[in-house]
Structures are given as structure tokens and as C-alpha cells.
Amino acid sequence: MRKRYVICGAAFLVLCLCCRQTAAQNRHAAAAMKHGEEATYDVYFKWGLLMSRAGDATFSYGSEQAVDRATSQYRMLFKSTRFFDSFYRIRDTLSAYYNENCELVYSQKNTDEGGYYSIDRMTFTCGGEKTRIHSLRYTPSRVKIDTVLTVEGAVTDLLGVVYYLRGLDRTKLQSGNTYPLTVAIGRDLVKIQFTYRNQAIVERDKVKYNTRYFIIDIYDEAFESTKMSAEVWLGDDDNLLPVKVRGKLKIGYAEIYYRESSNLSHPLRCRVN
């Protein structure tokens, strides 16, 4: 299962929360986003000198009443390119649901990859300084995971990592600031840590972006190393959209680039024409 989450979403881990110590950052994330927002990214995988476009990732944020306690939904749709479809077809959906206090209460991942189908569902319940997570995974034929995880400190699902980053207050960032986080995936709890480095300029297709640059340590066997497993560049404006993400994998690199967006909460001032 780790290969699947690396391919469809770990680049954002590479490229929201329930716990009391991060509630203020959650509220800040909500201020950076509004219902109706959508952003699209190009996903690439690199082996040696070869770099191929693997697919498209579309993120959207909107209202959602179908899930108990939730008022907002953050969703990512991943679709592999026709070239990648020929040997590994991916059509994955990740959804994270938040209540009116911007706390993560529920998440779901629908996996459709190379003939493999499954659904992951996690329910988050915060009590004091601990979060209880009921994690369920099932395929059309059987239940594969049905377990309860208990976590102290900041915890989220895979998609919530992006929500968490966009909840940081960029005006208070100082070089060396660290942000530890636990990500729940199935029966696993993956430890990661963001470290803010500096402001940086990212250029893509002759367009420049002012960004805030972070390195990410990921303590998981899917990555080649734990230190600087990934890097992320967030747009340096009130949207804090990811502009570029790069992660080292055992099989090469994953890279994601911002393509376009609509209905943002704030002007995209990070873009330099």
C-alpha cells in the first residue's frame, strides 16, 4: 500500500488537524481558503535523466453537509496520463472533512490503481491532548484493516498535510522554525517534520513565483532517506498555495508544479509577471 500512497499523494507529503495545540493554525488555514477554490498541478516522476509527466492533481475546497459534523471538504483528484495508464492506471480521490472549528473529523481515500480497488475511511475524535482514529480499509471482497489508533500531538490524514501548511502564519516564519506532525495512513502513523529555511524564487515556464521554502523530514521506508526527504515551496502571499514540491523516492524523484487556479480567497500576488 505504501507504493500507492507514494504515487498518488506523497509528493505533497514530500507535498487540518485535530489537536488542541494546532487549532489556531487551522483557523488561519480557513482564512487562506474559501469555498469554491480549485487548483491544478502537473505531477512528474524522474528516473535518472528521464522526466515524464505522470498525471494531474486537482485540489478543491467547498461546503459539505453529507458527513456528520463536517461543514467543509478538501478534496484531491489524481488522474494518471495516457502514457502511464498503459502500465499503471491511477484514478484516486482523497477527501478530508472539517467542522466549523476547522478540525479534521473524517477522511476518505478511494483507490483505483492498476486493477486494485479499495476504500480507506478514518474518523478522528479529539479528547484532551490525544486523538482517537478509527481506521477502516476494505476492498470489494473483504475488510483489510479495522483498527483504532491513538496519537498525542498534531495529527492529520495524508491530504490534511497541505491544509496544515496553508495554516501557517507566513508573517511569523523565521529560518529554522520546525513543525512536527503525525500522518495517519491505514494502520501506520508516519512521523514528519517541516523546517522553514528561507524565501526563494521558483521559475516555471518563464513565470516566476515568490515562495517560502521548507524542507521535510519523513520517517518512512518508502523514501530514500529521512533527512530532507522532500522540499516544498509555498507561494508567498495570503493563499499560501504550494507552487512546487519535490521528493526523493527509492525509485527516483517525484515533482509537482502549480499550473492554474480559480476562485482563490486572495489575489495570487506571489506570481511575478
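## Aromatic cluster

Tyr41, Phe59, Tyr61, Tyr74, Tyr98, Tyr163, Tyr209 and Tyr258 are linked into a cluster by ring pairs. Rings of Phe, Tyr and Trp (its six-membered ring) pair if their centres lie within 6.5 Å. Planes under 30 degrees apart count as stacked, over 60 as edge-to-face and the rest as tilted.

This is a predicted model, where local features need pLDDT of at least 70, side-chain atom pairs count only at pLDDT 80 or more, and totals for chains, interfaces and linings use all residues. Residues are numbered from 1 along each chain as its sequence is written, and side-chain values use heavy atoms, with hydrogens and water left out.

## Ring pairs

The structure holds 17 aromatic pairs. One of them joins phenylalanine 84 and phenylalanine 87: it is tilted, at 5.1 Å centre to centre and 40 degrees between the planes. Phenylalanine 84 is buried, at 9% relative accessible area. Phenylalanine 87 is exposed, at 53%. Buried means under 20% relative accessible area, exposed over 50%, and partly exposed in between (1.4 Å probe, protein chains only).

Tyrosine 209 and tyrosine 258 form an edge-to-face pair, because their ring centres are 5.9 Å apart and their planes stand at 80 degrees. Tyrosine 209 lies in strand S12 (residues 207-219) and tyrosine 258 in strand S15 (residues 252-262), so the pair ties together parts 49 residues apart in sequence. Tyrosine 209 is buried, at 5% relative accessibility. Tyrosine 258 is buried too, at 9%.

## Charges over rings

The charged end of arginine 204 sits over the ring of tyrosine 257, 4.0 Å from the ring centre. Lysine 244 has its charged end over the ring of tryptophan 233, 4.7 Å from the centre. The criterion: NZ of Lys or CZ of Arg within 6 Å of the ring centre and within 35 degrees of the ring normal.

## Fold and surface

The protein chain has 5 helices and 16 strands. These are DSSP runs, numbered from the N terminus: helices are H or I with at least four residues, strands E with at least two.

Of the 273 residues in the protein chain, 55% are buried. The accessible surface is about 12500 Å², and carbon and sulfur atoms account for 46% of it. Areas come from the Shrake-Rupley method with a 1.4 Å probe.

## Confidence

Mean pLDDT (the predictor's confidence in each residue, from 0 to 100) is 83 for the protein chain, and 84% of its residues reach 70 or more. Over residues 1-27 the pLDDT is below 50. Beyond near neighbours in sequence, this stretch has 113 contacts (heavy atoms within 4.5 Å) in the model. Where pLDDT is low, predicted coordinates should not be read in detail.
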